[in-house]
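Hi,

Here is the structure I promised to pass on. Have a look at it first, and then read my notes below.

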Amino acid sequence: MTTVEMVMPRMGESIMEGTILKWLKQEGDAIEQDESVLEIATDKVDTEVPATHSGVLKKILVQEGDVVQVGNPIAVIDQNTGEATGENPPEKSEEQKTPESGVKTTETVKTQIPVAEVGRTSPETTMASAVRFYSPLVMNIAKKEGISLKELEQIEGTGKEGRVTKKDMIHYLESPGFKNKNNGDTSRSEADESSQQLTDISNTSHTQNFQSSQVLSPTADTQDEVIAMNRMRKMIATRMVDSKRIAAHVTSFVEADVTRLVQWREQVKGAYQQRENESFTFTPIFIEAVAQALREYPMVNVSVEQDNIIRRKNINIGMAVALPDGNLIVPVIKNADELSLLGLSKKVNELARKARQQQLSADEIANGTYTVSNIGSFGNLMGTPIIMQPQVAIMALGAIVKKPSVIETPAGDAIAIRHKMYLSHSYDHRVVDGALGGLFVKKVADLLENFDTDRKI
């Protein structure tokens with residue numbers, strides 16, 4: 001009998017754990033490779049996880065509601081499919097023998113989760129009488145914030161079939177009418193600590209110091225408003241501190257004259273909009289230039305693992321997208337150097353739309369090797385972006401503004417109005433020296449300045 005372990009997949013460079021939402025298959029079920037087996041929730045997306053092998057789902061190792069670290073086993077698959085068609089398929093335990101109704105089966109399995117396995121009082125037990133389905137993520141937030149079932153059922157859900165999502169919970173917690181039932185008490189029991197696993201990235205000392213700094217007596221005036229960080233903001237804060245602690249950040253700046261590029265885009269964007277029924281922005285042009293520069297300077301397209309440098313074969317460029325709630329997410333354009341400008345434009349528009357509609361899959365936010373952030377869309381000229389681990393560099397694209405500039409003409413130097421922008425390149429000085437970091441951003445600027453205005457899209 002050949003068995004293989006199915007492990008919790010990595011669903012993004014900075015995602016270290018996920019919550020088991022629902023098992024779509026039960027022990028004893030025959031499964032095909034790439035067939036969806038379970039649903040998982042992370043702080044970024046809810047997604048279905050496919051089977052890694054064909055066979056029979058022999059054993060489920062984690063239960064719905066459990067928080068599982070990336071790489072940990074979640075199920076055992078028996079690849080000897082002949083047993084699946086035999087007369088004596090693997091027996092289910094009494095807890096798993098349920099009626100044939102899919103809904104009842106799910107509820108029965110969930111209510112049988114022992115408290116000791118989850119490490120906390122099961123939210124499903126306390127909310128068994130709920131009228132609609134709530135994911136473990138939503139119920140954990142409700143429990144942490146002291147939201148009753150009656151109060152939870154009043155929250156309008158924007159998810160599928162009116163389901164309450166994490167975004168809905170955050171919006172409700174930040175609404176003026178919400179009164180935190182903890183009354184600002186930051187002390188937490190062991191059960192609270194376990195449920196906090198959903199959003200805590202690690203228990204390192206620097207994280208503990210950051211959290212402890214939040215309970216210091218405020219020195220603000222009594223009329224000032226004190227706003228507690230929500231879970232997403234705490235996670236972002238932790239990751240930013242982690243990146244600054246891990247990488248030796250250095251930032252180089254280059255100003256690029258993109259007048260030719262701006263004029264060309266003005267000529268083609270109307271026809272593109274009419275033909276493709278979507279906008280043609282500057283972002284795909286910038287990503288094309290970055291991808292070309294990464295091919296010329298492959299040592300920027302690397303990661304660091306202890307004392308080893310991993311040079312990435314693929315050029316996968318992440319683009320930071322601002323969400324309606326003010327948070328950021330970074331979908332990834334895979335093999336960006338192999339796409340045409342038309343292909344890049346299509347992909348940029350597709351990923352941006354899916355990000356804002358919370359429709360990104362786990363694969364669409366994973367395996368980035370370099371990141372760009374268009375801070376110019378917020379009117380910013382330049383910045384010092386923080387590297388997304390485990391990448392070693394990130395570029396901020398500043399706003400394009402008109403400036404008087406000295407230009408060379410056949411008749412001599414002259415002052416003219418030009419379109420200028422700053423490129424801000426932050427890189428990890430452990431592996432990217434100043435010369436390489438500076439040459440790379442200068443190459444991107446050169447590609448933009450010498451853009452071919454005769455090309456078609």
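Of the 457 residues in the chain, 44% are buried. Keep in mind that this is a predicted model.

As for the fold, I count 13 helices and 19 strands in the chain. Take the contacts with a separation of 6 or more: 64% of them link residues 24 or more positions apart.

Now for the inside. The largest nonpolar core has 56 residues, and Met395, Phe440 and Leu448 have the most contacts inside it. Helix H11, residues 283–296, gives this core its largest share, 8 residues. There is also a second, separate core, made of 18 residues, with Met6, Ile20, Ile31 and Ile74 among them. Nonpolar side chains do tend to be buried together in soluble globular proteins.

Leaving out residues up to four places away in sequence, Met395 touches, among others, Val290, Tyr370, Pro385, Leu423, His425, Phe440 and Val444.

How far does the predictor trust all this? The average pLDDT of the chain is 79, and 76% of the residues score at least 70. Two stretches call for some care, though. Residues 83–130 stay under 50 in pLDDT, and the model gives them 57 contacts beyond four places in sequence. Residues 180–216 are also below 50, with 49 contacts in the model beyond near neighbours in sequence.

Cheers

How values were computed: Residues numbered from 1 in each chain as written. Predicted model: local features only at pLDDT ≥ 70, side-chain atom pairs only at ≥ 80, totals over all residues. Heavy atoms only, no water. Core = buried A, V, L, I, M, F, W, Y, C linked by side-chain atoms within 4.5 Å. Buried < 20%, exposed > 50% of the residue type's maximum accessible area, 1.4 Å probe, protein only. Helix = DSSP H or I, 4+ residues; strand = E, 2+ residues; numbered from the N terminus. Contact = heavy atoms within 4.5 Å. pLDDT = per-residue confidence, 0-100.
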